[in-house]
Amino acid sequence: MEPLLATSRVQGTRGSSSFFLPSSASHGLRSRAGVRSTKAISASRWQSIFGKVRSSDFAACDTAKVCCRHVGEGVVEEKAPQMLDMSLSLKYSTGKAYPLGASEVEGGVNLAIFSQHAFSVTLCLLLSDREDNEEPDSGIIEVELDPQRNKTGDIWHICVEGLPSSGVLYGYRIDGPRRWEQGHRFDSSIILLDPYAKLVSGRKFFGDTNDKSSKFLGTFDFVCSSFDWGPDYKLPNIPEADLVIYEMNVRAFTADESSGLDVDIRGSYLGVIDKIPHLLELGINAVELLPVFEFDELEFQRYPNPRDHMVNTWGYSTLNFFAPMSRYASAGGGPLAASQEFKQMVKALHNAGIEVILDVVYNHTNEADDKDPYTTSFRGIDNKVYYMVDLNNNAQLLNFSGCGNTLNCNHPVVMELILDSLRHWVKEYHIDGFRFDLASVLCRGSDGSPLNAPPVVKAIAKDAILSRCKIIAEPWDCAGLYLVGRFPNWDRWAEWNGKYRDDIRKFIKGDPGMKGAFATRLSGSSDLYQVNKRKPYHSVNFVIAHDGFTLYDLVSYNNKHNDANGEHGRDGSNDNFSWNCGFEGETDDINIVSLRSRQMKNFHMALMISQGTPMMLMGDEYGHTRYGNNNSYGHDTAINHFQWGQLEARKNGHFRFFSEMIKFRHKHPVLHQDKFLTKLQMFNQMINTMLWMFFNCSIFFVGSERAFLHKG
């Protein structure tokens with residue numbers, strides 16, 4: 001480290017706190033270390049840029065443990081916010097280019113960020129000395145990096161000596177060419193989130209509309225980042241052929257009052273721990289969590305628009321690919337608590353024999369489109385690198401994700417970001433697998449054209465750290481690149497089998513000419529996956545997923561009912577292959593209610609006896625309804641929340657059938673083989689399936705009952 005020899009005091013806005021800065025910096029002169037500091041920004045300006053930031057978000061961590069009820073495991077408890085020592089002698093040196101992000105080095109913190117096209121990078125630091133209910137009292141330190149000394153290749157870097165090991169928020173101002181037509185979107189007025197920040201600080205409480213303007217900054221903790229996984233802890237390592245996946249949303253699982261949890265625990269990682277007994281009773285052995293990377297649930301409310309009443313409860317709008325969603329911490333605990341409690345959740349699930357698969361969104365980010373951009377990170381750091389742009393059309397963002405932008409996944413820098421992110425979740429959080437949202441985007445080049453051997457897809461398949469993980473593609477995108485059965489796989493990638501969903505739905509609702517397709521899907525979809533060394537379990541079979549109808553709605557609605565979404569019914573799929581059994585929506589007709597119940601059992605039974613990897617949706621085990629809304633991403637209400645009272649009311653009927661079918665599958669290895677069936681085996685399985693349906697669920701009466709009900 002090359003220290004700066006002289007320091008001078010720069011006062012905070014009220015004169016009650018101060019920072020030691022280089023004397024040359026306080027006069028705006030370039031220092032020997034090649035950096036420049038400007039005077040601390042006033043509190044009012046800080047608040048206008050970042051909104052209200054609470055010091056408890058980055059409070060010091062105590063080593064004392066508290067016991068999580070019903071779990072009996074240690075939970076890291078954060079102290080109440082303490083006043084940081086503002087008499088800090090901060091010294092700066094050139095730092096090093098790797099690793100990216102914030103890292104602890106001897107005597108200080110190294111910070112490194114990529115930007116190929118920037119000509120100016122300024123590090124912004126904030127240290128707080130205020131209590132949770134006070135206005136910001138301290139200022140922001142801005143340190144301009146010298147491109148001659150603080151840059152290696154396209155990496156800008158600096159080392160700050162004397163910076164606390166926790167309790168610091170940081171971001172960057174970045175400037176570069178203002179040439180829109182070349183793909184650049186630089187704006188040095190915005191303080192940007194570090195893409196490699198391992199923790200992100202924003203608003204404390206999920207959906208807090210009093211804190212809409214909260215901005216998101218990186219933070220770190222090098223004091224208590226270690227976690228005790230326990231001496232007897234081990235990974236479940238469940239063979240892919242034996243998986244039964246339960247797709248679920250962390251918040252929605254326990255957010256409802258009917259969960260019976262304390263209000264501080266509802267909708268949190270710790271809430272999931274409390275409900276592990278339910279998962280065990282159901283019989284699943286893997287959870288697939290809807291996105292848990294940091295996202296802004298109030299992004300729709302940034303400006304007046306038809307969706308400004310919505311709260312993004314699904315999370316498919318990533319701010320940062322390394323940090324766990326901070327507002328899933330209990331009691332508004334902040335980013336460090338979120339990290340620790342996420343690990344508690346994974347540990348508890350693993351100890352129960354349940355694997356954890358993350359739904360990850362590397363196809364786009366939260367930063368929207370060029371019409372209404374939400375610049376928080378990548379767009380302002382190096383838009384031309386991070387996103388696909390159409391250089392033949394004024395460098396407009398290409399939109400293969402349906403969300404306004406498309407991540408440039410096969411650019412070497414973006415590919416490395418994705419790989420680093422995945423490795424981080426495996427090493428730091430012990431994640432067992434990943435489901436890649438709109439994974440066909442990963443198969444496109446920088447200009448959007450499809451690639452036969454996309455580098456990022458191959459790299460994920462071949463990576464040593466990821467070698468133990470399940471990797472699952474959603475093999476389509478929003479621009480028509482449909483790769484079901486054809487996703488580049490290197491014999492590693494599994495796929496969400498959309499053809500399984502459609503064919504099973506058509507057959508069970510009574511469409512003619514579907515027997516052959518039904519038999520093929522039940523037998524492992526060999527027409528799609530019996531290629532090279534692929535296995536039946538590479539077909540992730542599902543009838544229901546988070547987007548689309550719930551199972552109850554599939555048998556209760558012919559049409560979507562999405563008016564509550566604010567888009568006049570234009571959103572959501574029109575191709576649902578559903579049948580309402582004779583009446584649209586809720587009814588007291590006992591015949592229709594009974595038929596719907598049998599149809600739901602038919603679907604679940606077919607799923608559980610099919611070769612391949614079955615996946616069911618949270619709530620289908622009791623018959624959850626969204627009242628015909630097949631695109632409920634923006635409702636933080638009972639539309640999405642698990643209804644524990646309804647589960648209890650249906651425990652001995654609907655739930656018992658679903659649970660017993662899952663356990664039946666586990667008990668009979670013939671239902672989940674790791675080799676494709678012969679033609680004779682396929683025939684026998686089809687006959688046995690139809691006989692079982694005939695004697696137990698009356699599926700063959702569906703056609704006649706359907707005609708009768710329509711006439712009635």
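Student: What makes Asp636 and Arg251 a salt bridge?

Tutor: In this predicted model, the closest N and O atoms of Asp636 and Arg251 are 2.9 Å apart, and the criterion asks for a side-chain nitrogen of Lys or Arg within 4 Å of a carboxyl oxygen of Asp or Glu, so the pair qualifies as a salt bridge. The two partners come from distant parts of the chain, 385 residues apart, with Asp636 in the loop between strand 25 (613–617) and helix 15 (644–649) and Arg251 in helix 3 (residues 250–254).

Student: Why is Arg251 called buried?

Tutor: Its relative accessibility is 15%, and buried means under 20%, so Arg251 falls into that class.

Student: How do you know whether Asp511 and Lys509 are buried, partly exposed or exposed?

Tutor: Lys509 has a relative accessible area of 11%, so Lys509 is buried by the limit of under 20%.

Student: What makes the salt bridge of Arg203 and Asp296 a tie between separate parts of the chain?

Tutor: Their side chains meet at 2.8 Å, N to O. Arg203 sits in the loop between strand 14 (199–201) and strand 15 (217–221), whereas Asp296 sits in the loop between strand 17 and helix 6 (335–351), so the pair ties together parts that are 93 residues apart in sequence. Both Arg203 and Asp296 are buried. Through shared partners, salt bridges join Arg203, Glu294, Asp296, Glu297 and Arg327 into one network, and the structure holds 26 salt bridges.

Student: How do you know that strand 17 and strand 18 pair?

Tutor: Pairing requires at least two bridges, and 4 bridges join strand 17 (residues 286–289) to strand 18 (residues 355–360), so the two strands count as paired, running parallel. Within this pairing, Ala286 stands opposite Glu355 in strand 18. Both strands belong to a barrel that 8 strands close in the order 16-17-18-21-22-23-24-25, with parallel pairing.

Methods: Residues numbered from 1 in each chain as written. Predicted model: local features only at pLDDT ≥ 70, side-chain atom pairs only at ≥ 80, totals over all residues. Heavy atoms only, no water. Buried < 20%, exposed > 50% of the residue type's maximum accessible area, 1.4 Å probe, protein only.
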